[in-house]
Amino acid sequence: MRLKRLLSVFLAVIMVLSTGVVAFADETETVIFTEGIFTYSLRNNKVRLEKCDPSVEGKVVIPDETEQGYYVVAISNAAFKGCTNVTEIEIGEKLQLETHQDFTMCEKIVRYSVDENNKSCCADEYGVLYNAGKTIMIAYPPASPVEDYVVPDGVVRINAVFNNCVNLKTLTIPKSLNFRKGCSFDNCPNLTDVYFGGIEREWLLMDGGPWSTEKNNINMHYGKMTLKDYLENASWSLGAFFGPFIYVLGVTAAIIVLFPVNLVRSLIDWIKSI
């Protein structure tokens, strides 16, 4: 009888431990499930939107939470790949949007809208998507009816968001910009002029690589140079031109300092005597 009781206790402990292991495994493994037009992944009680049904049309609302009660806190970078008939994307309060989010494959989007309580991103009156501090432009709606768009002052980074903007005619970019991720302006048939608040040198030396404007017959316009700009531009140009000469002179001076003339002559005389 005593042996039976010990065996029962042992089995109970095994069951408890095995249940705990299963629960732990359930929390750490990734579970894929679908609700409506969305496919999600669940891991550590956090849900990420992985895919939107490519056949969907019109406005798409990304829910704050799933039918199972999990908050949708992230979105895959390729979630809307193939969704060529989506015209508007509405982002709720809980979604934490990455600043490099890619919506460029949705060519018919007219605007983005964001819940006013979202702490990661926002949209302006034209439906252009920015991070919460409005310092990074995340996405420009390619089918927007806006013809002349002015990027607000304070924006420091623009991602590759200006492809397939069929209605855009002029684009104004502030001097505050210091990083521009490569953009080709491909399929922007009406875009004729880009205005940059800074000077040409600032545009050319900006991090992020060149934007192709010449091959698309786009005219670049730059801001007026101040006295400070003239001085900086002059010093940069002189440095680029005289840099190699200054280097050679510096090396020569160092040799003279390190090897006095008398020492050099003595070395020459010694070589001749050999």
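I started with strand S11 (residues 148–150), which runs parallel to S13 and is joined to S13 by three bridges. For the record, strands here are DSSP runs (E, at least two residues) and helices are DSSP runs too (H or I, at least four), numbered from the N terminus; two strands pair if DSSP finds at least two bridges between them. Looking across from Val-150, I found Thr-172 in S13 standing opposite. S13 also pairs with strand S15 (residues 193–196), in the parallel sense over four bridges. There, Leu-171 has Val-194 in S15 as its bridge partner.

A note on what I am looking at: this is a predicted model, with local features needing pLDDT of at least 70 and side-chain atom pairs counted only at pLDDT 80 or more, while totals for chains, interfaces and linings use all residues. Residues are numbered from 1 along each chain as its sequence is written, and side-chain values use heavy atoms, with hydrogens and water left out.

**The S1-S2-S3-S5 sheet**

Next I traced an open sheet of four strands, ordered S1-S2-S3-S5, with mixed pairing. Which strands stand at the edges? They are strand S1 (31–35) and strand S5 (72–75): each has a single partner strand, so one side of each is left without a neighbour in the sheet. From one strand to the next, the twist averages 35° (axes are lines fitted to C-alpha atoms, for helices over the stretch in contact, and angles run from 0 to 180 degrees between N-to-C directions). Inside this order, strand S2 (residues 38–43) and strand S3 (residues 46–52) pair in the antiparallel sense, over six bridges. I checked Leu-42 and found Val-47 in S3 opposite.

**The S4-S6-S7 sheet**

A second open sheet has three strands in the order S4-S6-S7, and here the pairing is parallel. Strand S4 (58–62) and strand S7 (111–114) are at the edges; each has a single partner strand, so one side of each is left without a neighbour. The twist averages 20° from strand to strand. Strand S6 (residues 86–91) and S7 run parallel, joined by four bridges, and Glu-88 stands opposite Arg-111 in S7.

The loop between S6 and S7 holds Glu-93. Is Glu-93 buried or partly exposed? Partly exposed, at 30% relative accessibility (buried is under 20% relative accessible area, exposed over 50%, partly exposed in between, with a 1.4 Å probe and protein chains only). I also looked up Val-73: Glu-93 is 20 residues from Val-73 in sequence, and the two are 9.2 Å apart in space, C-alpha to C-alpha.

**Rings**

I searched the whole structure for aromatic pairs and got seven (rings of Phe, Tyr and Trp, its six-membered ring, pair with centres within 6.5 Å; planes under 30 degrees apart are stacked, over 60 edge-to-face, the rest tilted). Phe-38 with Tyr-40 is a tilted pair, 6.1 Å centre to centre with 55° between the planes. Phe-38 is buried at 5% relative accessible area, and Tyr-40 is buried at 1%.

Tyr-140 with Tyr-149 is edge-to-face: 5.3 Å between centres, 70° between planes. Both Tyr-140 and Tyr-149 are buried.

Lys-94 lies over the face of Tyr-71, 4.9 Å from the ring centre (a charge sits over a ring if NZ of Lys or CZ of Arg is within 6 Å of the ring centre and within 35 degrees of the ring normal). Lys-134 lies over the face of Tyr-130, at 5.7 Å from the ring centre.

Cys-165 is in no disulfide either; the nearest cysteine sulfur is that of Cys-188, 4.6 Å away. Cys-165 is also buried, with a relative accessible area of 1%.

**Asn-164**

Last stop: Asn-164, in the loop between strand S12 (157–158) and strand S13 (170–173). Asn-164 is buried, at 15% relative accessible area. Its side chain meets that of Asn-187 in a polar contact of 3.2 Å (a pair of N or O atoms within 3.5 Å; within protein, one must be able to donate a hydrogen and the other to accept it, and residues adjacent in sequence count only if both atoms are side-chain atoms).

Technical notes:
A disulfide is a pair of cysteine sulfur atoms within 2.5 Å.
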